[in-house]
Amino acid sequence: MTFDIHQLDDVDPGGDEAEEALEAYQDALLERFFASPEGQARHEADPDTGFWTEQFLFYGFAYLGAALPYVTLSDAREIVTELFPRKITILSPEEADAAIPELIAFWLYLKREYQLPNADAILRFLRKIEPDFKDVMNDPARFGMAKSFFMMGQSSGFDMTSQEGLDAFMQAYNADLANREADLGSLPGAAGMPGLLPGLPGASRPPKATPKKKKARKKMAKASRKKNRKKRK
């Protein structure tokens, strides 16, 4: 069955149906990417392939309003060098290593399968940014407020991947803030911070793939490999 690469073209990114439409689009396109030679090769190198592609599609559509066929070089640069480091929290610097090879494989697939006009320019950009991307993703100057908060808690020894750890750090942070306010009398701008903090961590990124979704992704890729082997016989 063919896939319509343009099916999000007329979907309003701010509309009620946008989230469901985008998720269906991501799943269907990822299934085809996994079945492709580019996706198969990438999955062999990284069984968790799919996360960065999902994020690229999400931020391009939800934040920039760009359906995939119309993502420009400027859009790609903003997603990879601004939105990714500002919004996506990674638990170790090395998690960034898989991002650009995956996106290169994805755009090679898009170029071959759909002849997207901006594919060559985006591929040149991805190859150029690859040696520096880990530094870009781990540069605190690029972090958004939510990500900075998360990283602060992690560096302080709190388990920021659990609600308990998140709550514990928030309590410690607010207690420290209150103590500093008491010691210094008044901290410029500090009074508004505690009220902001409860909403921050959840805004740091779209949900990372759950174990269930990772399992489904691996199952999808395995089925694609099996199907391809049968074709070659």
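User: How many contacts beyond four places in sequence does the model have for residues 220-233, where pLDDT stays under 50?
Analyst: For residues 220-233, the model has 16 contacts beyond four places in sequence. Please bear in mind that this is a predicted model.

User: And how many for residues 190-212?
Analyst: There the model has 37 such contacts, beyond four places in sequence, and pLDDT again stays under 50 over residues 190-212. Where pLDDT is low, predicted coordinates should not be read in detail.

User: What is the mean pLDDT of the protein?
Analyst: The mean pLDDT is 79, and 63% of the residues reach 70 or more.

User: On to the fold. How many helices and strands are there?
Analyst: The secondary structure comprises 11 helices and zero strands. Along the sequence the pattern is accordingly written α-α-α-α-α-α-α-α-α-α-α.

User: What share of the residues counts as buried?
Analyst: Of the 233 residues of the protein, 43% are buried. As for contacts between residues at least 6 apart in sequence, 69% of them join residues at least 24 apart.

User: Let us turn to helix 6. Which of its residues are buried?
Analyst: Helix 6 covers residues 119-129, and its buried residues are Ala119, Ile122, Leu123, Phe125, Leu126 and Ile129.

User: Why do they line one face of the helix?
Analyst: Viewed down the axis of helix 6, the buried residues fall within an arc of 160°, so they line one face. In general, an α-helix has 3.6 residues a turn, so residues three or four places apart point the same way.

User: What is exposed on the other side of helix 6?
Analyst: Arg124 and Lys128 are exposed there.

User: Which helices do the buried residues of helix 6 pack against?
Analyst: They pack against helix 4 (73-87), helix 5 (99-114) and helix 7 (133-137).

User: New topic: cavities. How many of 30 Å³ or more does the structure hold?
Analyst: The structure holds one cavity of 30 Å³ or more. The largest cavity contains about 60 Å³ of space.

User: Which residues line the largest cavity?
Analyst: The lining consists of Leu8, Leu22, Tyr25, Phe56, Leu57, Gly60, Phe61, Ala66, Ala67, Leu68 and Val71.

User: Which helix supplies the largest share of that lining?
Analyst: Helix 3 does, with four residues. Helix 1 (18-35) and helix 3 (51-63) each supply at least two residues of the lining.

User: And how does the lining divide into nonpolar, polar and charged residues?
Analyst: The lining of the largest cavity has 10 nonpolar residues, one polar residue and no charged residues.

Note on methods: Residues are numbered from 1 along each chain as its sequence is written. This is a predicted model: local features need pLDDT of at least 70, side-chain atom pairs count only at pLDDT 80 or more; totals for chains, interfaces and linings use all residues. Side-chain values use heavy atoms; hydrogens and water are left out. On a 1 Å grid over the protein atoms alone, a cavity is a set of points where a 1.4 Å probe fits but cannot get out, and a pocket is an open set with protein on both sides within 12 Å along at least five of seven lines; lining residues have an atom within 4 Å of a point. Grid points are joined across faces, edges and corners, and a volume is the space filled by probe spheres set on the points. Ala, Val, Leu, Ile, Met, Phe, Trp, Tyr, Cys and Pro count as nonpolar, Asp, Glu, Lys and Arg as charged, and the others, Gly among them, as polar. Buried means under 20% relative accessible area, exposed over 50%, partly exposed in between (1.4 Å probe, protein chains only). The arc is that of the directions from the helix axis to the C-beta atoms. Contact means heavy atoms within 4.5 Å. pLDDT is the predictor's confidence in each residue, from 0 to 100.
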